[in-house]
Amino acid sequence: MSGDPTRDLVRELASDLTPVKPLPRLRFVALAVLLAWLAIAALSIVIKGLAPTFFTTLAQPLSAGGIFACLLLGGLGGALGALALAIPGRERLARGGLALCAAGGGLAVAIGLAIALRGEPGAWRLPSAGDLRCLLIALFAGIVPALALAWFGGRAAPFRPLGVALVAAAGAAALGGAVAQATCAGAAPMHLLHGHALAPALGALVLVLPLLVAIRASERRQSS
Amino acid sequence: MQGSDGRSDRWREWMASAQRGDALAYERLLEDLLPFVRGVVRARLGDDANVEDVVQDVLLAIHTARHTFQAGRELEPWVRTIARNAVIDSVRRRHRQRARDAGVDAAELAEDPAARASAEAEPLPRELERALEQLPSVQREAVLLLKVHGLSVAEAATRARTTPGALKLRAHRGYRLLRDLLGRERP
């Protein structure tokens with residue numbers, strides 16, 4: 001004992017040291033999430049086929065193509081934001097990812113609303129079974145990216161696990177929503193809004209708790 | 001500028017060695033980090049009497065999170081974030097402690113034996129008691145003194161006849177083990 005408790009602690013920590021496996025680099029995990037999403041998107045296209053108007057609407061901002069682009073951007077932003085939020089020292093990247101996620105998700109809803117407002121006045125309705133089916137497809141398509149984000153979050157043992165789970169849930173559901181949008185032939189304005197554009201918001205609500213549990217479980221495995 | 005760059009490279013190198021288990025490099029790194037960590041903590045807490053306690057919390061947090069440092073990146077922002085989080089944790093803990101103390105004071109003022117008993121000695125859940133019994137005695141003592149009896153680190157260290165740093169490390173290991181034990185009991 002040196003009489004200086006902090007220096008004593010330094011020595012105790014050094015004597016407690018064991019080798020650790022560093023976390024994989026953030027860019028590799030982000031790439032893995034992107035590849036997983038591409039694989040799921042490809043599989044969905046093989047099973048369901050691409051929406052007939054997919055390429056023609058991509059150049060029109062106020063269309064299904066615009067919603068797809070916003071969901072994709074929001075999803076990538078959310079994935080990056082969740083990864084960066086999980087580890088110390090990447091605040092700038094985390095803020096950028098969060099901003100992209102919020103902007104992408106928000107713009108997708110705004111485009112959905114604008115398309116719905118341009119439609120028939122009597123077309124406003126509550127979500128239908130068809131809308132819920134597309135939302136479910138979006139959630140399923142987002143599960144693998146969500147689990148990858150939760151695995152990384154758990155290994156990093158973040159200071160704010162709820163924040164990581166929330167951003168990961170919204171981002172993964174946005175990526176899933178982009179798959180649903182790309183493979184859905186439905187072009188009804190309210191379906192675009194309810195079935196696709198609202199996927200990130202719904203995903204944030206539905207997936208946040210399971211992801212928080214997954215992060216905690218991965219954290220426990222890591223520490224044992 | 002050169003000095004700061006040299007320091008960055010040195011810290012990165014030491015941390016990479018520490019991740020591989022080099023205790024000497026790790027001790028050097030932590031020693032070298034101390035003035036920087038104290039600066040970050042002081043900038044947030046001012047001349048608070050608890051600065052040194054929080055600095056020790058930061059060291060423990062660095063120890064727990066050392067696997068999250070990614071080779072090749074700057075160590076300074078990584079440490080700064082950990083220090084900031086430790087300060088936030090410490091402020092929240094003190095607020096909770098104050099609220100608890102206020103509850104006990106109110107019960108004492110009311111001179112209601114039942115209220116006082118419940119404020120002072122909430123029985124531990126059975127599951128937690130069982131997990132505590134499985135901890136090594138020094139870790140159990142540290143956890144009980146800090147979390148159940150609500151003593152400060154200095155008071156608990158005096159009671160356990162050890163240094164505050166050693167007590168914190170024991171409690172830290174105890175919490176980790178408790179979390180594992182409780183996680184195993186809950187399917």
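**View 1. Helix pattern of chain B.** Along its sequence, chain B of this predicted model reads α-α-α-α-α-α-α-α-α. Chain B has 9 helices and 0 strands, where helices (H or I, at least four residues) and strands (E, at least two) are DSSP runs numbered from the N terminus. Residues are numbered from 1 along each chain as its sequence is written, and chains are lettered from A in the order in which they are written. In this predicted model, local features need pLDDT of at least 70 and side-chain atom pairs count only at pLDDT 80 or more, whereas totals for chains, interfaces and linings use all residues.

**View 2. The side of chain B that touches chain A.** The contact (C-beta atoms, placed from the backbone, within 7 Å) takes 31 residues from chain A and 38 residues from chain B. Helices that each supply at least two residues of this side of chain B include helix 1 (2–19) and helix 4 (75–110). Helix 9 of chain B gives the most, with 9 residues.

**View 3. The largest nonpolar core.** A nonpolar core is a set of buried Ala, Val, Leu, Ile, Met, Phe, Trp, Tyr and Cys residues joined through C-beta atoms within 7 Å; a residue is buried if 20 or more other C-beta atoms lie within 10 Å of its own. The largest such core has 105 residues, and those with the most contacts inside it include Ala168(A) and Val58(B). Beyond its neighbours within four places in sequence, Ala168(A) is in contact with residues including Gly78(A), Leu149(A) and Leu211(A).

**View 4. A second core.** A separate core of 14 residues includes Val143(B), Val153(B), Ala156(B) and Ala171(B).

How values were computed:
Buried ≥ 20, exposed ≤ 12 C-beta atoms within 10 Å, placed from the backbone. Contact = placed C-beta atoms within 7 Å.
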